[in-house]
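Subject: Structure for you to look at

Hello,

Here is the structure I said I would pass on. My notes on it follow below.

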Amino acid sequence: MNSRYLIFSILFSFSAASVQAGPENVGWPGDYTSAFTLYFSGDRTANDKQMIRIYANDTAIAGVKADGKLPFGSVLVGELYAVKLDEQEQPVISSLGRKIPENLSAVVVMERGKDFDAGYAKHLTTGDWEFAVFSAAGQKLDKDITACRTCHHPLVDKEFVFSYEHLGSGG
Ligand code: HEC
């Protein structure tokens, strides 16, 4: 075996042993509707034809109550609902002055784990959170998660979580 090949195989076995970054690190959060805490429900800021309901697992809630940090093992789940539209494709507003969530269109998930940022460029790091998107039925969708990371990346002071101030509230 020549030495160049030897070095290559050593390097290769090292990289195979380290954590592989990517949405594969995030699994379907199972029975989150009963096991997690629903802490936010409202209009989406980025899309006026959608609403979002956000759940956190016990690890995230306990962390935020203890010291405001979200430890490894924290999982946040966002259910994206398409709202009811009128004939002009505008959101129907109920007599309560609210939009009406109609169909669950996707489930976005963030999970925090050791080295989940490994291998990403600095501008895409998100404090070791990884991102994934699932269908309403729980099937992982083959989405490019670059946009997820880009948008959540600047939120260093809020643990990279947009709804941070709502975490630990009554929901
Ligand atoms: C354009 C910016 C933007 C992009 C891109 C984006 N998000 Fe978010 N995300 C938000 C905002 C803003 C919220 C707060 C709720 C809302 O207004 O929709 C949020 C909320 C969330 C939440 C609930 C926890 C929290 O941070 O409040 C999860 C989970 C989430 N996003 C996952 C994802 C995933 C997965 C992707 C990529 C498929 C993604 N996001 C892409 C802006 C973004």
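Which residues does V77 touch, not counting residues up to four places away in sequence? They are P29, Y32, F36, I54, Y55, V107 and V109. Touching, or being in contact, means that the C-beta atoms of two residues, placed from the backbone, lie within 7 Å.

Before the rest, two remarks on the model. It is a predicted model, in which local features need pLDDT of at least 70, side-chain atom pairs count only at pLDDT 80 or more, and totals for chains, interfaces and linings use all residues. Residues are numbered from 1 along each chain as its sequence is written.

Overall layout. The chain has four helices and five strands; helices (H or I, at least four residues) and strands (E, at least two) are DSSP runs, numbered from the N terminus. Read from the N terminus, their order is α-α-β-β-α-β-β-β-α. Of the 171 residues in the chain, 27% are buried. Buried means that 20 or more other C-beta atoms lie within 10 Å of the residue's own; with 12 or fewer the residue is exposed, and in between it is partly exposed, with C-beta atoms placed from the backbone.

The sheet. The five strands form an open antiparallel sheet in the order β1-β2-β3-β4-β5, where two strands pair if DSSP finds at least two bridges between them. At the edges are β1 (37–43) and β5, each of which pairs on one side only. Six bridges join β1 to β2, and S41 has R53 in β2 as its bridge partner.

The core. V77 is also among the residues that touch the most other members of the largest nonpolar core, along with A56, A60, L76 and V109. This core has 30 residues; a nonpolar core is a set of buried Ala, Val, Leu, Ile, Met, Phe, Trp, Tyr and Cys residues joined through C-beta atoms within 7 Å. Two or more of its residues come from each of β2, α3 (58–67), β3, β4 and β5. In soluble globular proteins, nonpolar side chains tend to be buried together.

The ligand. It is surrounded by 22 residues, and the closest are T45, C148, C151, F162 and S163. α4 gives the most to this shell, with four residues.

An exposed residue. E89 is placed in the loop between β3 and β4. E89 counts as exposed because it has 7 C-beta neighbours inside 10 Å. Its C-alpha atom is separated by 9.1 Å from that of K49, 40 residues apart along the chain.

Regards

Notes: A residue is near a molecule or strand if its C-beta atom, placed from the backbone, lies within 6 Å of it.
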